[in-house]
Amino acid sequence: MLDTLLLVVIPYICIAVMLTGIFMNMFSSKLRISAPATGFFENKTQLWSSVLWHYGILTVLTGHVLGALFPGFVKSLSGSYKAMTVLETLALAAGLSALTGVAVFIFRRVAEKTVSANSRPADYAVLLVLGVQIVLGLTIALKYRWGISWYASNLSGYLHDIFTLNPSAAKAAGMPPLVTAHIVGGFVLLAILPFTRLMHLLYVPVGYLFRKPQIILYYDKDK
């Protein structure tokens, strides 16, 4: 019963909330699609923390997506100790990079007055959830070796069943509590994503390829 609640009911509730939020943003409040450029308020810290965050999280997400879409290929790598070691090391490094970026983002929102004044509660909430998710993922990676292999073997099938509307908790049931928490946290992130600055991850700015060049003028008050 608990497995069904955590691995079926909650994921579908989160997906429904996400789709509702996307619909509301696309048709009612398009301003949420773009993320305000807080980098203008504190460029040096924003620059390196943003690089760490984006490269780290994109690497992690790419690994999750590939494992879910091509489980056979990923499982074929499990026969090679060197390949698995390289992949696990890369995943761990990417997770640490993303966690560092999130930590700096949280620090900036608290410490930088201008950034703090332009932040909403949802901005702090999503950063905290992201931080918890990354910590869970890193803990799982350190505590349970070869997670890439059993992710492709078990959890990819569970995710496939969820998104093809043929839900079953059986393929993910019995996983360690940390893994279950990580799964639930992932769906919670999907639910809150449309209501935060991360909405821009779902929007492909195709128009940028065809827009006219922009001219940005800076005013120096000392001159």
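1. Thr-180 touches Leu-6, Leu-7 and Met-175, leaving out residues up to four places away in sequence; contact here means heavy atoms within 4.5 Å. Thr-180 sits in helix H8. Helices (H or I, at least four residues) and strands (E, at least two) are DSSP runs, numbered from the N terminus. Thr-180 is buried, with a relative accessible area of 13%. Buried means under 20% relative accessible area, exposed over 50%, and partly exposed in between (1.4 Å probe, protein chains only).

2. A word on the basis. This is a predicted model, in which local features need pLDDT of at least 70 and side-chain atom pairs count only at pLDDT 80 or more, while totals for chains, interfaces and linings use all residues. Residues are numbered from 1 along each chain as its sequence is written, and side-chain values use heavy atoms, with hydrogens and water left out.

3. Confidence comes next. pLDDT is the predictor's confidence in each residue, from 0 to 100. The protein chain averages a pLDDT of 79, and 78% of the residues score at least 70. Confidence is highest in H8, at a mean of 92, and lowest in helix H5 (residues 113–117), at 72. Over residues 37–41 pLDDT stays under 50. For that stretch the model has ten contacts beyond four places in sequence.

4. The fold is helical: the protein chain has eight helices and zero strands. Along the sequence the pattern reads α-α-α-α-α-α-α-α. Of the 223 residues in the protein chain, 33% are buried. Among contacts between residues at least 6 apart in sequence, 82% join residues at least 24 apart.

5. Back to H8. This helix has 16 residues (177–192), which should span 22 Å at 1.5 Å a residue; the end C-alpha atoms are 22 Å apart, which agrees. The expected span is 1.5 Å times one less than the number of residues. Buried in H8 are Val-179, Thr-180, Ile-183, Val-184, Gly-185, Phe-187, Leu-189 and Ala-191. Their cover includes helix H1 (2–27), helix H6 (121–143) and helix H7 (147–163).

6. The buried residues of H6 include Asp-123 and Gln-133, along with Val-126, Leu-127 and Leu-130. Gly-131, Ile-134, Leu-136, Leu-138 and Ile-140 are also on that list.

7. Now the nonpolar cores. A nonpolar core is a set of buried Ala, Val, Leu, Ile, Met, Phe, Trp, Tyr and Cys residues joined through side-chain atoms within 4.5 Å. The largest has 17 residues; those with the most contacts inside it are Leu-7, Leu-155, Tyr-158, Ala-172, Val-179, Ile-183 and Phe-187. H1, H7 and H8 each supply at least two residues of this core. H7 gives the most, with five residues. Apart from this core lies another, of eleven residues, among them Ala-98, Val-102, Val-126 and Leu-189.

8. Leaving aside neighbours within four places in sequence, Leu-155 is in contact with Trp-150, Ala-172, Met-175, Val-179 and Ile-183.

9. How many salt bridges does the count come to? One, with a salt bridge taken as a side-chain nitrogen of Lys or Arg within 4 Å of a carboxyl oxygen of Asp or Glu. The side chains of Lys-171 and Asp-161 form it, at 3.2 Å from N to O. Lys-171 lies in the loop between H7 and H8 and Asp-161 in helix H7, so the pair ties together parts ten residues apart in sequence. Lys-171 is partly exposed, at 39% relative accessible area. Asp-161 counts as buried, at 8%.

10. The aromatic count comes to two pairs. Rings of Phe, Tyr and Trp (its six-membered ring) pair if their centres lie within 6.5 Å; planes under 30 degrees apart count as stacked, over 60 as edge-to-face and the rest as tilted. The rings of Trp-53 and Phe-105 have centres 6.4 Å apart and planes at 70°, so this pair is edge-to-face. The pair links distant parts of the chain, 52 residues apart: Trp-53 in helix H2 (residues 43–69) and Phe-105 in helix H4 (residues 81–111). Both residues, Trp-53 and Phe-105, are buried.

11. One backbone point. Leu-165 has a phi near 60°, a positive value in a residue other than glycine. Most residues other than glycine have a negative phi. Leu-165 lies in the loop between H7 and H8 and counts as exposed, at 67% relative accessibility.
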